[in-house]
Amino acid sequence: MGYPFKEIEQKWQINWEKEKIFSAQPSQGKKKYYLLEMFPYPSGKIHMGHVRNYTIGDVAARFKMIMGFNVLHPMGFDAFGQPAENAAIKNKTKPDIWTHKCIGWMRPELKKMGFSYDWQRELSTSDSSYYKWNQWVFLKMLERGLAYKKASSVNWCPSCETTLANEEVVEGGCWRCHSKVEEKQLEQWFLKISVYKERLLEDLGKLTEWPERVLAMQSNWIGRSQGLEIYFRFKGSDRVIPVFTTRPDTIFGATYIVLAPEHPLVKEIIKGKPQEKEALKFIAKASKESNVVRASTDVKKEGIFTGSFVINPVNNEEIPIWIADYVLMEYGTGAIMAVPTHDQRDFLFAKAHKLPMRVVIENPKSQIPNPKEMKEAYEGQGIQVNSAQFDGLPNEEAKIKISQWMEKEGTAKIQTHWRLRDWLISRQRYWGTPIPVIYCKRCGLVPVPYEELPVQLPKDAPFTGEGGSPLCKVKEFLNARCPKCSSPAQRETDTMATFFDSSWYFLRFCSPGYDKGPFDKEEAGYWMPVDQYIGGIEHAILHLLYSRFFTKFFQDLGLIDFSEPFIRLLTQGMVLKDGQVMSKSRGNIVDPDSIIKKYGADTLRLFILFAAPPETELEWDERGIEGASKFLNRVWRIQENLKDSADHFLIRALHKTIKKVSEDFQGFKFNTAIASLMELTNAIYQSGASQQVLETLAIMLSPIAPHFCEELWQILGNKESIFKAGWPKYDLAFLKEEKITIVVQVNGKLRAKIEVAADISEKELKEMVLADEKIKTWLENKPPKNFILIPQKLVNIVV
């Protein structure tokens, strides 16, 4: 019969809540530790991805708590967003009702897992007490010129008359009605994150405890690139088209240039040309394609000749100007120089449209190819050819010399370009933070006064998913008075992107009830920065970048004195079943609640941590759950046969385990820590444990199986919570290598004596014995039938 996990888990969850054991308050006498997992979107029941993320964080929080740290471990809900609108439409309800229902499902499920959250700090971004401060931050940015409005293209469904997120564009159509999606220009709100680009890039150097992969992704997104802006002069004119390139070494191979269909010069270039009519058709067609489709490598690239030419400034060749869908205004200048022999995308386009090609970099491992015979572009390093005075130079050296020469000639300028663009925060949606701006015919754009915040979402907006933002249809919300002149005016009906909400929630957790600002400066000064942040790799770019941007903005406001929000970052792997990520659509979901009912939360936690290191993918395996359950039951039974004292062998094993588990917990190597605890349990079953040994085992296991260990700790006669016991310390004297002599017999007869480490494992001993030359001789290449071990004394091999 197993340990009674249902009664134990319920008992301790009630006890923790009653005693407020996880309630965190600033204490200047204790070292703080702020651990945070990325808070969830309330979509319904928790899934195994949640269980893994939050179990990893909970083990780290509880470990630090036992070590004596003042731990802040909060939880809340990223509650705004488009999925709630879609779910509300589908379920014929309202987003606020649906969201609160989902939170009502998720909160008790999180509590069932025994997570050590300070629930008194719970927040939801859809509460006006939270989004009031979103609006406050927006107004501060508006005051400093960091928030502005401009025309920008959106994915537009003409049938639903609404904007679509990129992920709602499926094969070029609307996910809801399948109508062809178009690009449409709308006036929208942006934040000038680009003002912070240098700081965002430079401060990556401070993040020494972030994964290299994430740092590279952030760096690439910010995208500082040194290059050359080249001026291609129109044939017969002094006007130029500027083109930025990071490959000036290929300029002699530029045989045409390509403009984005939205480029401001396009309509002027084609005007009056024979190609004008067809070009306008192509531009209209491209405007109906989303940028996602246009940038995709899977879709054939289309284009059209404009009828105009420019002059290549290095060789005075006339080269044609084309328009193509694969060039976007968002990158560079909206124009590229095409070098088909040394860029694969240009190569495919040139082949399709029979455009000229010229090799200008020779592959050192082969002769200069005939461009007509090339199967793909050569994009590697090499020697300049067909490049006038630069022939024979290594192309990396030529990049510098060509750039200097062209700048001196006045045909180009050496420049730094950035990939980072300003952040579009406008959403033509209901379920988000209202943007606190009023439009007055007399005064123009007027910020809502701070004392009138929050601008609250109306509760009775109509929902169909069609016809633009529902806020436009709520007269009580839309119609307002101008704060300056009191004339009739209208409110902004766009709402903020949900990334705005999650870009500073970690600061709000420091003082969630504070009503004089977004957070209390003193509380934030004590708890921040976050010591350990945990979440999925899918948030490695935008969420982390925006959080870093907001932190620097708050620093500029004088509200905080640090520049980075997260000291250490861990990105956990996904949970798979049958080799695929668990999802409802695949039908391979395993409900955590069903596992808790059958095995208990502690067993699920143990399995999740033992099955794989946190950073890697985890393959679900029911047999692993069974194994975790058996291990906990083995530990449970140790209490039945306690000895007055433990032998020297076990004490050595205990101190070795304390050292290993301590180091593994610090390094988030929970799977190997559990393996060490299993080895210690095996040693206990061999030697028998004292109460002190079992108590120490329970403390080390408690961050992983907290309910189980609290109960065991109490059974052993302890009054206070195990999480106040203090982390055990190891004695170096017990870690010194001791040697013992093992007698080796073959078929009962003494054949050798070997000296081994006192704490050698059975597997290691067996390998050492079978590798001994004397023993090999007596075995005569016969496989052993049996390997009998008397620990620390004797081995008998039966052949």
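Predicted model: local features only at pLDDT ≥ 70, side-chain atom pairs only at ≥ 80, totals over all residues.
Visitor: How many aromatic pairs does the structure hold?

Guide: Rings of Phe, Tyr and Trp (its six-membered ring) pair if their centres lie within 6.5 Å; planes under 30 degrees apart count as stacked, over 60 as edge-to-face and the rest as tilted. The structure holds 50 such pairs. One of them joins Tyr33 and Phe69, edge-to-face, with 6.0 Å from centre to centre and 70° between the planes.

Visitor: Where do Tyr33 and Phe69 lie?

Guide: Helices (H or I, at least four residues) and strands (E, at least two) are DSSP runs, numbered from the N terminus. Tyr33 is in strand β1 (residues 32-37) and Phe69 is in the loop between α2 (48-66) and β2 (70-72), so their pair ties together parts that are 36 residues apart in sequence.

Visitor: Is Tyr33 buried or exposed?

Guide: Buried means under 20% relative accessible area, exposed over 50%, and partly exposed in between (1.4 Å probe, protein chains only). Tyr33 is buried, at 8%, and Phe69 counts as buried at 17%.

Visitor: Which kind of pair do Tyr148 and Phe190 form?

Guide: Their ring centres are 5.7 Å apart and their planes are at 15°, so this pair is stacked. Tyr148 belongs to strand β3 (residues 147-157) and Phe190 to strand β7 (residues 182-191), 42 residues apart. Phe190 is buried, with 6% relative accessibility.

Visitor: Where does a charge sit over a ring?

Guide: The rule asks that NZ of Lys or CZ of Arg be within 6 Å of the ring centre and within 35 degrees of the ring normal. The charged end of Arg62 sits over the ring of Phe723, 4.6 Å from its centre. Arg634 lies over the face of Tyr685, 4.2 Å from the ring centre.

Visitor: How many disulfides are there?

Guide: A disulfide is a pair of cysteine sulfur atoms within 2.5 Å. The count is zero. For Cys482, the closest cysteine sulfur is in Cys440 at 3.7 Å, too far for a bond. Cys482 is buried, at 2% relative accessibility.

Visitor: In what order do the four strands of the open sheet run?

Guide: Two strands pair if DSSP finds at least two bridges between them. Here the order is β30-β29-β32-β31, and the pairing is mixed. The edge strands, β30 (749-757) and β31 (786-790), each pair on one side only. Between β31 and β32 (residues 794-798) the pairing is antiparallel, over five bridges, and Asn786 stands opposite Val798 in β32.

Visitor: How many residues of helix α23 are buried?

Guide: In helix α23 (residues 691-701), nine of the eleven residues are buried, so the helix is largely enclosed by the rest of the structure. Among these buried residues are Val693, Glu695 and Leu701. Contact means heavy atoms within 4.5 Å. The cover over the buried residues of α23 includes α2, α20 (622-637) and α24 (706-715).

Technical notes. Residues numbered from 1 in each chain as written. Heavy atoms only, no water.
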